[in-house]
Structure formats: C-alpha cells, structure tokens
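Reader: I have a fold to work through. Walk me through its features in turn, please.

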Amino acid sequence: MKKAKKIITLFAAALLCVLPILSTPITAKAVEPTTYSVKYDSGSGDWRYMVGNWNDENTSREIYYLKQDIVDGDYIIIAGASGYTLELDARLGNLTVLSTDAAPIITVKGIDNLYVLNNSKCVINGNVTNAYIYDQGLCNFNNNVSYLEIIGTSDITATAAAGGTVGHVKGYDNNKVYYDFYNFNKGTLYIENGSVRTDEKEYSKTPTTGTTAPATSTPSAGTTTSSGSSEYDDVPKTGESNAVVWLMAIAFFCMVGSYQLKKNK
C-alpha cells in the first residue's frame, strides 16, 4: 500500500511539472499573403503572371495557374496592361495598378486597398474598402467604395467615378486639403481632373456619427499592409490547449505507474 501511495505521489508531482507546459496555448498565425505580378502579353493574347515583382528576365506563367492558386487576402500588381479584362475569384488584400495605358477591367470579389499609380487607368468590379488614386490616375468603380483619396504633389489631377455609394472622399496634395466629403449617393460620385463635379445635394460636407478614415497610406507595390478585414476569421489568432497532448501525457504516466507496480510486487 505504501508503495502504491509513493507511486501516486510521484505521478502527481510529475504531472504538476508538465502542467505549465501543457496549459500553454499553441499560437497559430494567419498565413502571410502572396504577392503576384500580372501583365498582359500581346504576343500570346493573354495575361501572364509571376510571384513577386515583375522581372522580364524571369519566366512567367499562364494566368490559368494563378486562378487556381490565388486565395483571399493575396496581393496583385498590374505590371502592364491595355484595356483587357482580368477576372480573379478572390478578395484581394492589395491591388496595385502600376502600369496601364488603356483601362483594364479588373473583376474580383472585393479589394481591401487599391493603389492607382504612375498615371495608370483601370475599371474595378467589386467593392473597395480603401482606394488611393495618385497624380493623373483614372479609375471607374462599378461598385461601392468606403474610402477614397485623390492625391497629388503640388495639385490634384486624378479622375474617378463610382456606380455605387462612396462613404468618404478626400482630395489633397503636399500643400493642402482641397476637400473632405462624405456619403455620396449611389452612382453620383464624379471627380474630373481632381475637382468634384457631383451636385452638392448628393453628398455631405460633414461626417456622420462614427465615420472614420484610415491613415494616409504611402503605396508600396505588393507590400502595403492590408486592412483588418475578416478574411482570416476562420484562422485561429490565439491558441487553444491541445486535449490530445493531455491524454497522451496522462497515458504515459499511467503506463509508468503500472510498470512500477508490477516491478514492486
């Protein structure tokens, strides 16, 4: 009996030693987004892509494979296009339109952050959370935009229109803010060469309660941090204790105890 009590005591002490380790949560992190660069190849008559920034010295692949691999939250850089259509079945973390002549039509499930750079042009199908149009860029939004910035250096000259609603529009350069307007009715936003052409009855000059705007973002093709959207809700942000580990540990100590009992008989 004394031997049995001794074994039970040893088992309890050992379990207390490993308890802090077993109770420590196992943290799982969301997978980092992948950046893809896409470019229309007039020779093949189709889009091509590569992982990371576009490099003409690297081998590109058919867009078919990108459509298989892309997931919600990934980043896309339009490295070159001229009035063609691109459809991707994903909600993008970032879309950077880096170099276009005529406006390609980009259709996606949605975009967290859109950057239109280098006087590029584009048409967007899909709701956009934050949009930033620089210099003489041009963008037509066929759906809703939560927040839109028209940005210049010494003046603002971008052009934008929206077929949906727009929650907040800000136009500014390095010298001043030209306007800060809110709640554009559906299909009414029209900005031409930096100037708002929408009738004043179609929007508000004061924010509604709870209206917020993200901090001004400097574009970084494919590396700008995406907004806190809900794409990763199914991925655990904090860990949970693993019941299987507990059971294995208990089974191990029971086995040791059983062995000691047999040995001491």
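**Surface, strands and sheets**

Author: The accessible surface of the protein comes to about 14,800 Å², and 53% of that belongs to carbon and sulfur atoms. Areas come from the Shrake-Rupley method with a 1.4 Å probe; for residues, only the protein chains shown count as cover. This is a predicted model, where local features need pLDDT of at least 70, side-chain atom pairs count only at pLDDT 80 or more, and totals for chains, interfaces and linings use all residues. Residues are numbered from 1 along each chain as its sequence is written, and side-chain values use heavy atoms, with hydrogens and water left out.

Reader: What does the secondary structure of the protein come to?

Author: First the rule. Helices (H or I, at least four residues) and strands (E, at least two) are DSSP runs, numbered from the N terminus. Here there are three helices and 17 strands.

Reader: Which order do the strands take in the open sheet of 10 strands?

Author: Two strands pair if DSSP finds at least two bridges between them. The order is 3-2-1-4-6-8-10-12-14-15, with mixed pairing. Strand 3 (61–62) and strand 15 (177–184) are the edge strands, each pairing on one side only. Inside this sheet, strand 6 (residues 91–97) and strand 8 (residues 110–116) run parallel, joined by six bridges. Leu-95 stands opposite Leu-114 of strand 8.

Reader: And what is the order in the open sheet of seven strands?

Author: That order is 5-7-9-11-13-16-17, again with mixed pairing. Its edge strands are strand 5 (85–87) and strand 17 (195–196), and each pairs on one side only. Strand 7 (residues 105–107) pairs with strand 9 (residues 121–125) in the parallel sense, over three bridges. Thr-107 stands opposite Asn-125 in strand 9.

Reader: Which strands does strand 13 join, and in which sense, parallel or antiparallel?

Author: Strand 11 (residues 138–141) runs parallel to strand 13, with four bridges. Leu-138 has Thr-159 as its bridge partner in strand 13. Strand 16 (residues 190–192) runs antiparallel to strand 13, with two bridges. There, Ala-161 has Tyr-190 as its bridge partner.

Reader: Which way do the residues of strand 13 point?

Author: In a regular strand the side chains alternate between the two faces of the sheet. In strand 13 (residues 159–162), Thr-159 and Ala-161 point one way, Ala-160 and Ala-162 the other. All are buried. Buried means under 20% relative accessible area, exposed over 50%, partly exposed in between (1.4 Å probe, protein chains only). Of the 265 residues of the protein, 37% count as buried.

Reader: Which residues touch the most other members in the largest nonpolar core?

Author: A nonpolar core is a set of buried Ala, Val, Leu, Ile, Met, Phe, Trp, Tyr and Cys residues joined through side-chain atoms within 4.5 Å. The largest one holds 45 residues, and Ile-76, Ile-78, Leu-95, Leu-114, Ile-124, Phe-141 and Leu-148 touch the most other members. Apart from it lies another core, of seven residues, including Leu-117, Tyr-132, Tyr-134 and Tyr-147.

Reader: What does Ile-76 touch?

Author: Contact means heavy atoms within 4.5 Å. Leaving out residues up to four places away in sequence, Ile-76 touches Leu-95, Tyr-36 and Val-38, among others.

Reader: How many disulfides does the structure hold?

Author: A disulfide is a pair of cysteine sulfur atoms within 2.5 Å. The structure holds zero. The sulfur of Cys-122 is 3.4 Å from its closest cysteine sulfur, in Cys-139, too far for a bond. Cys-122 is buried, at 0% relative accessibility. Cys-139 is buried too, with a relative accessible area of 2%.

Reader: How many aromatic pairs does the structure hold?

Author: Rings of Phe, Tyr and Trp (its six-membered ring) pair if their centres lie within 6.5 Å; planes under 30 degrees apart count as stacked, over 60 as edge-to-face and the rest as tilted. There are nine pairs. Tyr-40 and Tyr-84 are stacked, 3.5 Å centre to centre with 10 degrees between the planes. Tyr-40 lies in strand 1 (residues 35–41) and Tyr-84 in the loop between strand 4 (75–80) and strand 5, so the pair ties together parts that are 44 residues apart in sequence. Tyr-40 is buried at 19% relative accessibility, whereas Tyr-84 is partly exposed at 32%.
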